[in-house]
Amino acid sequence: MKVMSGRRRLWRKSVNAMMLGLAGVFSILVVTPLLWILGFVVREGSPALSLTFFTELPTPVGVPGGGIANALVGSILTVGLGVLIAAPIGVLAGVYAAMHPDTPLGVALRFGTDVISGVPSIVMGIFAYTLIVLPQRHFSAVSGGIVLSFIMVPILIRTTEEMVRLVPNSLRDGALALGAAEWKTSFSVILPAALNGLVTGAMLAIARAAGEAAPMLFTAFGNPFMNLDLREPIATLPHMIFVYASSPYEDWHGKAWATALVLITLVLLLNVTARLLVWWRTRHLGNLG
Amino acid sequence: MDIPAPVDVRPRVAQIGDGTVPVKTEARDLSVFYRDFKAITQVNLPVYAQKITAIIGPSGCGKSTLLRAFNRMNDLVRGSRVEGQLYLDGQPLYDSQVDVVDVRRRIGMVFQRANPFPKSIYDNVAFGPRLYGVGGGSTLDALVEKSLRQAALWDEVKDKLHQSGLSLSGGQQQRLCIARAIAVEPEVILMDEPASALDPISTLRIEELMHDIAKDYTIIIVTHNMQQAARVSDFTGMMMIDDHRAGRLIEFDQTQVIFTNPKDKRTEDYVTGRFG
């Protein structure tokens, strides 16, 4: 082997250091605004936070106290409803897209998913408004949940498809060789093996849906009172932020920040919980070989 | 190289020593296509009951394609198609009346790389029986234990049945896969280079295990390793590709004959290590 000359080695090392440095700088550039936003939300939001902020209903301008209990419940209901609708559709369609990518239906599914995920959420809102709200002549929590499921389905299909494809074919062959039918193989071997990815996909979808304000303007509409009836209009956190932040009142601006902080924390908590569950499960049953 | 004539091996029984052995499963004039490509052509291979039949030959000669035809795993490859026929106990396997699930239940398979499911050791073995409706409880427990014992794995795992199958070593994982295949009580077990990814000691254990289970099962093994074929098998089929790049069975006989007195010059060259 030829020994590298000193100058050449120096050159190689400095180029390496430079590239590494560049990559580092850009990574910092990405992380900084993220931390900055988080820090800003915490700083602006925490003064208005208190225990009663979670338990009380909104108060009119100028009346001290008041909280976001209605929006908290509303967000949980609409996002929950959205997940219930979207999860089976998204996961099953994702499995189909992964298993039969070349069939006409598979191609149409993948193309459709790409197109739908590019549709702005406000357009989804108007669509749901025309499709559900207008015929019923009534804003409702249900229509909010449905529009959120429109937003979640493409994300779920895409992540499920990608995660199912990552499962080694040998697992599929192993199950089929034992005489398992294709659906049985998908449900009892492939989906459990892809669970980590599926949970990540679900988290992405939930985080996205939980933060949607625009389609809520046309569907759930908002409601200053506590509502548990899915047929009635309901408040949601992002919509609350929109209302508070676009108001001219200093007091409501603080509440908008606090609501944003609650929303971010909720999504974060959900994420951490899901990851802990997955971690616990893989520790017991092992990750993919 | 001229195109070898198809080898016809049609006797329904084989004469070994004083006794005769019945044919368990058999390929007759079998050709497998992947779209326009003919992967194997005109294969006639008898597989005798409760014997180990080895398929040897150089890389890419269609050994695995032939093996996977026996439990119709090639069906999973889009564009694959079969001419000729495979028989199990005289019944055709490629027939519109035949349920492929039934074929795979009766003809199990062990793959080149151990592929335990990301489930517990117990659930891996119980996977097949559960498919066929063996409920939980003592019946299933007994079946799992029996299968693990037959696969010579029971003593190593009996205290950790509920740990992940992936926590085992490579050799243990492969024996787990054998236990998993045995658990559905198939009649034939196909093995696609089951020891090629294992160390010599694990390989030896697998070979001993094959010997033990051959009392109850008919085994077909594909192997690159000629010593392995010579050690474990009773019959050996030698495959090679012809001028059209299609695999052919060029010789089939008792293993002893193939390795000591082959009729075909190419088999002799191959088993003596002159090529391949």
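How many bridges join strand 2 of chain B to strand 3 of chain B, and do these strands run parallel or antiparallel? Select residues 19-34 and residues 37-48 of chain B: eight bridges join these two strands, which run antiparallel. Helices (H or I, at least four residues) and strands (E, at least two) are DSSP runs numbered from the N terminus, and two strands pair if DSSP finds at least two bridges between them.

Before going further, note that this is a predicted model, in which local features need pLDDT of at least 70 and side-chain atom pairs count only at pLDDT 80 or more, while totals for chains, interfaces and linings use all residues. Residues are numbered from 1 along each chain as its sequence is written, and chains are lettered from A and ligands numbered from 1 in the order in which they are written.

**The strands of chain B**

Within the pair that you have selected, B:Val32 has B:Ile40 of strand 3 as its bridge partner. The hairpin has two residues between the strands, and B:Arg35 takes a positive phi near 50° there.

**Helix 3 of chain B and the contact with chain A**

Next select residues 121-131 of chain B, which form helix 3. Eight of the 11 residues of this helix are buried, so helix 3 is largely enclosed by the rest of the structure; a residue is buried if 20 or more other C-beta atoms, placed from the backbone, lie within 10 Å of its own, exposed if 12 or fewer, and partly exposed in between. Among the buried residues are B:Ile121, B:Val125 and B:Phe127, and what covers them includes helix 4 (138-150), helix 5 (154-157) and helix 6 (170-182) of chain B. Just after helix 3, B:Gly133 takes a positive phi of about 85°.

Now show both chains: the contact between them takes 22 residues from chain B and 20 residues from chain A, where two residues are in contact if their C-beta atoms, placed from the backbone, lie within 7 Å. On the side of chain B, helix 2 (100-106), strand 7 (107-110) and helix 3 each give two or more residues.

**Helix 7 of chain A**

Move to residues 169-177 of chain A, which form helix 7, and find its buried residues, including A:Leu171, A:Arg172 and A:Leu176. The buried residues of helix 7 pack against helix 8 (182-193) of chain A together with helix 2 and strand 7 of chain B. Helix 7 is followed by A:Gly179, whose phi is positive, near 95°.

**Chain A as a whole**

Of its 289 residues, 38% count as buried.

**The nonpolar core**

Finally, select A:Met152, A:Leu156, B:Ala179, B:Leu190 and B:Ile220, which have the most contacts inside the largest nonpolar core, a set of 147 residues. Helix 6 (residues 141-166) of chain A gives the most to this core, with 14 residues. A nonpolar core here is a set of buried Ala, Val, Leu, Ile, Met, Phe, Trp, Tyr and Cys residues joined through C-beta atoms within 7 Å. Leaving aside neighbours within four places in sequence, A:Leu156 is in contact with residues including A:Ala86, A:Val91 and A:Ala205.
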